[in-house]
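Reader: Please take me through the features of this structure and how to read them.
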Amino acid sequence: MQYRSIIRILGMLIGIFSITMLPPALVAFWYKDGAGLPFVLSFILCVFIGFTIWYPNRQQRSELKVRDGFLIVVLFWTVLGAVGGMPFLLADNPAMSTADAMFEAFSGLTTTGATVLTGIEFLPKAILYYRQQLQWLGGMGIIVLAVAILPLLGVGGMQLYRAETPGPVKDNKMTPRIADTAKHLWYIYLALTIACALAFYLAGMSVFDAICHAFSTVAIGGFSTYDASMGHFDSGLINMICVVFLLISAVNFPLHFAAVRGKSVGTYLRDPEFKTFIGIQAALMLICFVVLLYSNVYGSSVDAANHAVFQAVSISTTAGFTTDGFSTWPLFLPILLIFSSFIGGCAGSTGGGMKVVRVLLLFLQGARELKRLVHPRAIYSIKLGRRAVEDRIVQAVWGFFAAYALVFVVIMLLLILTGLDNITAFTATAACLNNLGPGLGEVAAHFGAIPDASKWILLVAMVFGRLEIFTLLVLFTPAFWRD
């Protein structure tokens with residue numbers, strides 16, 4: 001393990017992250033809300049910490065191995081979340097405890113969208129902007145952004161990219177150079193953000209709200225600048241714009257790149273994961289609409305359709321935006337939508353959950369086993385589209401599913417141990433492990449009322465979900481540390 005090289009890289013990454021403290025400081029200056037000092041102090045502290053870690057190890061330039069990449073990713077997300085919480089700790093408004101500040105920072109960075117804050121619209125603009133910015137940076141993964149820069153600093157990036165990129169297939173690259181891959185991902189991400197912000201603005205949002213909500217929409221994060229989330233705007237047009245960009249952002253970003261490069265919509269239609277994803281979304285919208293209409297929750301079919309489509313997409317893609325208190329709907333729907341968040345978005349998207357391609361492979365593997373029961377000697381292969389999937393990948397998906405279930409059960413039991421009731425513990429675990437945000441019970445509105453011990457446990461769940469279980473879990477295996 002190249003420990004000194006890892007520490008050197010960690011110092012550089014913290015230094016790069018310090019730059020993100022400057023935009024909120026400028027927002028505070030522009031709006032004169034008096035909240036700029038915590039960000040200036042945080043910038044200075046980040047530069048100091050990064051320099052202190054980097055300088056003694058500046059000459060260490062060893063070739064990274066796969067294990068080094070995993071360790072850097074985990075360390076960076078842990079340290080990044082910790083330093084990302086500094087502005088919340090230093091700010092007078094809101095006055096937050098250490099547990100609350102760390103929870104809010106990690107929730108933003110992992111695009112979970114769970115919050116401990118209330119009265120959000122009365123907070124300083126700088127704090128509101130910073131929360132949204134954290135989600136935007138975390139959406140694509142700030143390490144992928146850093147990978148585009150690290151080659152210039154003498155660091156190979158593929159190991160970091162393999163550890164950070166979501167999805168079961170880690171070795172595919174859109175372009176020959178990993179730096180080019182990261183840059184193309186960010187170009188697409190930035191273009192979607194600008195388009196989303198412009199659409200929100202034209203639909204009636206202020207410039208500030210449009211930018212902030214574009215950040216959290218494209219990141220599939222769920223933070224808002226209002227307690228009522230998207231329901232504050234009471235606009236069917238804004239809701240549909242949000243739905244469109246959530247669906248786009250929940251699709252595999254390399255697939256977007258392939259479609260843009262090939263200038264063909266057919267690229268999407270040939271992708272089995274995309275077709276499965278759209279099918280799931282359509283089914284959820286229809287089910288929610290029918291149940292809401294049958295239960296007379298809303299006064300008209302138009303209102304029922306508006307809320308059904310928005311909530312189905314928002315929860316199932318793990319964004320967590322709300323237009324209404326979906327926890328007050330017939331219990332079947334909140335439970336259905338929370339279970340749908342386990343599927344989440346496509347691999348290579350900003351969505352959370354287990355990813356559509358994994359669930360699709362699990363389904364195909366189950367179908368294959370049923371066929372084998374009928375014809376034990378027959379040989380069946382699993383195919384995604386026309387491409388046969390290696391058994392190694394199928395086995396890895398089964399391993400991931402088992403690890404996901406195990407981590408879920410352990411976290412849920414620990415939450416019950418801290419005093420949470422069953423429904424709260426189950427939905428809070430699902431909300432944080434799937435990077436979803438809202439839950440039921442005590443966490444239906446916010447997470448501020450639960451014990452600090454529960455917040456620390458859920459913070460770990462967020463990191464597990466964001467790094468897709470194995471990246472963090474592998475550090476707990478003796479083989480990882482054995483030379």
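Author: We can start with I9, which lies in helix α1 (residues 3-18); helices are DSSP runs of H or I with at least four residues, numbered from the N terminus. This is a predicted model, in which local features need pLDDT of at least 70 and side-chain atom pairs count only at pLDDT 80 or more, while totals for chains, interfaces and linings use all residues. Residues are numbered from 1 along each chain as its sequence is written, and side-chain values use heavy atoms, with hydrogens and water left out.

Reader: Is I9 buried or exposed?

Author: Buried means under 20% relative accessible area, exposed over 50%, and partly exposed in between, with a 1.4 Å probe and protein chains only. I9 has 2% relative accessibility and therefore counts as buried. Its C-alpha atom is 38 Å from that of F426, a residue 417 places away along the chain.

Reader: How do I read a pair of packed helices, and what is the case for α2 and α7?

Author: Two packed helices are described by the angle between their axes and by the distance between the axes. Axes are lines fitted to C-alpha atoms, for helices over the stretch in contact, and angles run from 0 to 180 degrees between N-to-C directions. Helix α2 (residues 22-31) packs with helix α7 (residues 125-140) at about 150 degrees, the axes being 8 Å apart. The two are therefore roughly antiparallel (angles over 145 degrees; under 35 is roughly parallel, 65 to 115 roughly perpendicular, the rest oblique).

Reader: Which residues of α2 and α7 meet?

Author: Contact means heavy atoms within 4.5 Å. From α2, P23, P24, V27, A28 and Y31 meet K125, A126, Y129, Y130 and Q133 of α7. By class, eight residues of this contact are nonpolar, one is polar and one is charged (Ala, Val, Leu, Ile, Met, Phe, Trp, Tyr, Cys and Pro are nonpolar, Asp, Glu, Lys and Arg charged, the others, Gly among them, polar).

Reader: At what angle do α15 and α16 cross?

Author: The axes of α15 (residues 272-295) and α16 (residues 301-316) cross at roughly 140 degrees and come within 8 Å. That makes α15 oblique to α16. Their contact has 12 nonpolar, three polar and no charged residues.

Reader: Which residues have the most contacts inside the largest nonpolar core?

Author: A nonpolar core is a set of buried Ala, Val, Leu, Ile, Met, Phe, Trp, Tyr and Cys residues joined through side-chain atoms within 4.5 Å. The largest has 138 residues, and F200, M230 and F447 have the most contacts inside it. A second, separate core has 11 residues, including L362 and I382.
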